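The exercises below are to be worked with the sequence and the 3D structure in view. Try each task before reading its solution.

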Amino acid sequence: MKIVVDDLHGPEIAEFLEEHVQQMRSITPLESKHALDLDGLRKPEVTFWSVWDGETLVGCAAIKQLDTGHAELKSMRTAASRKRSGIASRLLEHAIAEARHMGLTRLSLETGSADFFHPARKLYEKYGFAYCEPFADYHLDPHSVFMTRTL
């Protein structure tokens, strides 16, 4: 398995991310959906990684730099066929290490409050993320949970 910086131009990643956005739309009301589309992920302040097992795309994640010391974790996703196989942990460890390497001192995230997101929240807790108030441009929302950790 390898984690690589992705330029988001391949058809596999476009399809993978479209599935992600559609799944989030099916779970979360549109006004509470914060998943970035391809154009949002291609911005210069975003670093995006894809995870490959041979020729198969199995996961992705991104960090969006908010200011000189703070970034947001975005687009964490594991292929449905590979859930609970360690990909998310490996990818989160990679994102945290890369954020440190970039000189960031804080990493935050927004995820859903629905039961569907419970495994994700447990993973983030395991890696030291604590619940916090909304950050950046977010606001209180019953469909959102906010977490942060220092690096």
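Lys74 has 8% relative accessibility and so counts as buried, where buried means under 20% relative accessible area, exposed over 50%, and partly exposed in between (1.4 Å probe, protein chains only). The structure is a predicted model, in which local features need pLDDT of at least 70, side-chain atom pairs count only at pLDDT 80 or more, and totals for chains, interfaces and linings use all residues. Residues are numbered from 1 along each chain as its sequence is written, and side-chain values use heavy atoms, with hydrogens and water left out.

**Exercise 1. State how many salt bridges the whole structure has, and describe the one between Asp53 and Arg82.**

Step 1. The search of the whole structure gives 4 salt bridges.
Step 2. In one of them, the side chains of Asp53 and Arg82 come together at 2.9 Å, N to O.
Step 3. Asp53 belongs to strand S2 (residues 46-53) and Arg82 to the loop between S4 and H3, so this pair ties together parts that are 29 residues apart in sequence. Helices (H or I, at least four residues) and strands (E, at least two) are DSSP runs, numbered from the N terminus.
Step 4. Asp53 is partly exposed at 32% relative accessibility, and Arg82 is partly exposed at 24%.

**Exercise 2. Describe the salt bridge of Lys122 and place its two residues in the chain.**

Step 1. The partner of Lys122 is Glu125, and the closest N and O atoms are 3.1 Å apart.
Step 2. Lys122 and Glu125 are 3 residues apart in helix H4 (residues 118-126), so about one helical turn separates them.
Step 3. Lys122 is partly exposed, at 44% relative accessible area. Glu125 is also partly exposed, at 30% relative accessibility.

**Exercise 3. Which residues form a negative surface patch?**

Step 1. Patches are made of residues with over 30% relative accessible area and no salt bridge; like charges are joined within 9 Å, and nonpolar side chains (Val, Leu, Ile, Met, Phe, Trp, Tyr) within 5 Å. Areas come from the Shrake-Rupley method with a 1.4 Å probe, and for residues only the protein chains shown count as cover.
Step 2. Lys and Arg count as positive and Asp and Glu as negative, while His and the chain ends are not counted. The place of a charge is NZ of Lys, CZ of Arg, CG of Asp or CD of Glu.
Step 3. Glu12, Glu15, Glu18, Glu19 and Glu55 make up a negative patch.
Step 4. Take Glu18 as an example: this residue is in helix H1 (residues 11-27) and is partly exposed at 43% relative accessibility.
Step 5. For contrast, look at Ile13, which is found in helix H1 and is buried at 2% relative accessible area.

**Exercise 4. How many disulfides are there?**

Step 1. A disulfide is a covalent bond between the sulfur atoms of two cysteines. The test is a pair of cysteine sulfur atoms within 2.5 Å.
Step 2. That test gives a count of 0 disulfides.
Step 3. Cys132 and Glu110 are 22 residues apart along the chain, and their C-alpha atoms are separated by 9.8 Å. Glu110 is in strand S5 (residues 106-112) and is buried, with 17% relative accessible area.

**Exercise 5. Locate Arg84 and Ala136 and describe the phi of each.**

Step 1. Most residues other than glycine have a negative phi.
Step 2. Arg84 has a positive phi of about 60 degrees. Arg84 sits in the loop between strand S4 (70-78) and helix H3 (87-101), and is exposed at 68% relative accessible area.
Step 3. Ala136 also has a positive phi, near 50 degrees. Ala136 sits in the loop between strand S6 (130-131) and strand S7 (144-150), and is exposed at 52%.
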